[in-house]
Amino acid sequence: MTLQPRREPLLVRTGARFTCEGDGLCCSDIHAVGPLNEEDVEFLSTISEDAIDRHENEDAAVLMMRSDTGTCVFWSEDGCALHAKLGAEMKPSPCIQFPYGLTATPAGGRITTQHRCPCRTLGTRAALAIDAARLCIVDGDGELKPDHSVEGPIAWSESESIPFVEYERREGSVIESLVDGKSLRRALDADPFPELDGRTWNDVADEFRAFDGPSRAAAAARWFGDALGYLVDWRERTEHGRPWAAPFDRAGRRIVTPEQPNRVFGDWLADEVWALRWTPFGSLARARAELATRLTVARRIAGWLDISNPTRDNVSAAEAVMIVDVVGSTDLWEGV
Ligand code: SF4
């Protein structure tokens with residue numbers, strides 16, 4: 001029987017934590033900050049002529065990034081000028097939402113978080129609070145707005161689909177083991193680099209290494225391609241610059257009690273499973289193999305980051321998660 005997705009009650013993943021420390025990574029060109037809604041555009045236009053960018057062939061308006069630093073025109077070392085002068089609620093809607101997301105499921109709305117910011121992945125973070133998150137995932141009319149929806153039943157493997165309530169029960173122990181962080185590969189119960197249709201992992205490495213240009217996202221793709229090439233064929237690295245050195249160095253300085261790298265990786269993997277964004281691509285078994293692959297790549301990248309920038313290994317792990325998370329949402333990776 002098909003069960004329809006619901007937005008309420010709001011649900012939080014066990015162990016999810018987040019505090020905005022103002023590390024500023026989300027205010028940089030990791031993604032175009034947008035799309036801005038009509039209200040955002042109207043308001044920003046009254047503040048500055050240079051606040052909005054419109055990419056060629058795309059309708060959506062996004063926040064303008066400075067060409068020299070790759071950061072938002074409102075950002076400085078002191079943080080967001082809009083936040084400081086007008087208050088958090090006056091920021092553009094995509095800024096208010098980050099890093100939160102919402103997946104509607106038959107049991108309610110799962111609050112999700114992206115791991116693309118050291119504020120999410122490092123340090124003493126407060127337990128994720130439903131009331132605070134709710135304010136960030138509603139539209140202009142105060143309605144909860146899911147970015148993803150799933151119906152029951154759920155494909156546990158290629159040959160087994162199960163009711164959502166049974167899925168939740170089984171998923172709970174997977175997430176618990178991932179958050180625990182002791183043996184992530186055992187928790188995933190999957191091998192990396194599954195066989196691909198019509199291409200090899202070396203081909204995939206080539207495609208990522210071929211990303212061109214000065215953007216941080218392109219550099220992240222080259223790190224990813226290098227790590228893949230090294231893991232499957234011992235190939236040499238081509239990319240050495242750290243795409244997000246400044247915010248991670250800043251975050252490293254504020255950490256008092258470093259976490260084990262496995263806890264950083266496990267927290268990310270737990271959210272990847274919890275968000276259920278893998279459902280359009282097949283079963284959880286398939287998602288586990290995909291995650292085992294990105295985990296293996298992330299560990300290789302973290303090792304290189306430790307060598308090229310001797311810092312604490314928890315910061316390298318978080319920086320590697322940042323890279324594999326950005327790559328994970330590219331069209332190229334989704335195709336793979
Ligand atoms: S408007 Fe403020 S919060 Fe939004 S990207 Fe710019 S600096 Fe960051």
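Select arginine 13 first: apart from residues up to four places away in sequence, arginine 13 touches Arg120, Ile175, Val179, Asp267, Ala270, Asp271 and Trp274. Touching, or contact, means heavy atoms within 4.5 Å.

The model is predicted, so to speak of local features a pLDDT of at least 70 is needed, side-chain atom pairs count only at pLDDT 80 or more, and totals for chains, interfaces and linings use all residues. Residues are numbered from 1 along each chain as its sequence is written, and side-chain values use heavy atoms, with hydrogens and water left out.

**Stop 1: around arginine 13**

Stay on arginine 13, in the loop between strand E1 (10–12) and helix H1 (38–47). Helices (H or I, at least four residues) and strands (E, at least two) are DSSP runs, numbered from the N terminus. Is arginine 13 buried or exposed? Arginine 13 counts as buried because its relative accessibility is 2%. The cut-offs are under 20% relative accessible area for buried, over 50% for exposed, and partly exposed in between, using a 1.4 Å probe and protein chains only.

Now show the side chain of aspartate 267. A polar contact of 2.8 Å joins this side chain to that of arginine 13. A polar contact is a pair of N or O atoms within 3.5 Å; within protein, one must be able to donate a hydrogen and the other to accept it, and residues adjacent in sequence count only if both atoms are side-chain atoms.

Next select glycine 15, in the loop between E1 and H1. With a relative accessible area of 39%, glycine 15 is partly exposed.

**Stop 2**

Go to valine 41 in helix H1. Valine 41 is buried, at 17% relative accessibility. Leaving aside neighbours within four places in sequence, valine 41 is in contact with Leu36, Ile52, Arg54 and Ala61. Select proline 92 as well: valine 41 and proline 92 are 51 residues apart in sequence and 8.5 Å apart in space, C-alpha to C-alpha.

Then pick valine 73, in the loop between strand E3 (61–63) and strand E4 (75–76). Valine 73 counts as partly exposed, at 33% relative accessibility. Which residues does valine 73 touch, not counting residues up to four places away in sequence? They are Asp50, Ala51, Met64 and Arg66. Between the C-alpha atoms of valine 73 and serine 149 there are 34 Å, and 76 residues along the chain.

**Stop 3: the ligand**

Select the ligand and the residues around it, which are Cys27, Leu63, Cys72, Phe74, Trp75, Cys80, Leu82, Lys91, Pro92 and Cys95. A residue is near a molecule or strand if one of its heavy atoms lies within 4 Å of it. By class, this shell has nine nonpolar, no polar and one charged residues. Ala, Val, Leu, Ile, Met, Phe, Trp, Tyr, Cys and Pro count as nonpolar, Asp, Glu, Lys and Arg as charged, and the others, Gly among them, as polar.

**Stop 4: two cis peptide bonds**

Zoom to phenylalanine 98 and proline 99, which are joined by a cis peptide bond with omega about 0°. Proline 99 sits in the loop between helix H3 (93–97) and strand E6 (100–105). Move on to glycine 152 and proline 153, where the peptide bond is cis, with omega near -5°. Proline 153 belongs to the loop between strand E8 (148–149) and strand E9 (154–157).

**Stop 5: helices H9 and H13**

Select residues 216–233 for helix H9 and residues 313–328 for helix H13; they pack at an angle of about 100°, with their axes 9 Å apart. This makes H9 roughly perpendicular to H13. Ala220, Ala221, Trp223 and Phe224 in H9 meet Ile323, Val324 and Val327 in H13. The residues of this contact are seven nonpolar, no polar and no charged. Axes are lines fitted to C-alpha atoms, for helices over the stretch in contact, and angles run from 0 to 180 degrees between N-to-C directions. Angles under 35 degrees count as roughly parallel, over 145 as roughly antiparallel, 65 to 115 as roughly perpendicular and the rest as oblique.

Also in H13 is asparagine 314, which is buried at a relative accessible area of 1%.
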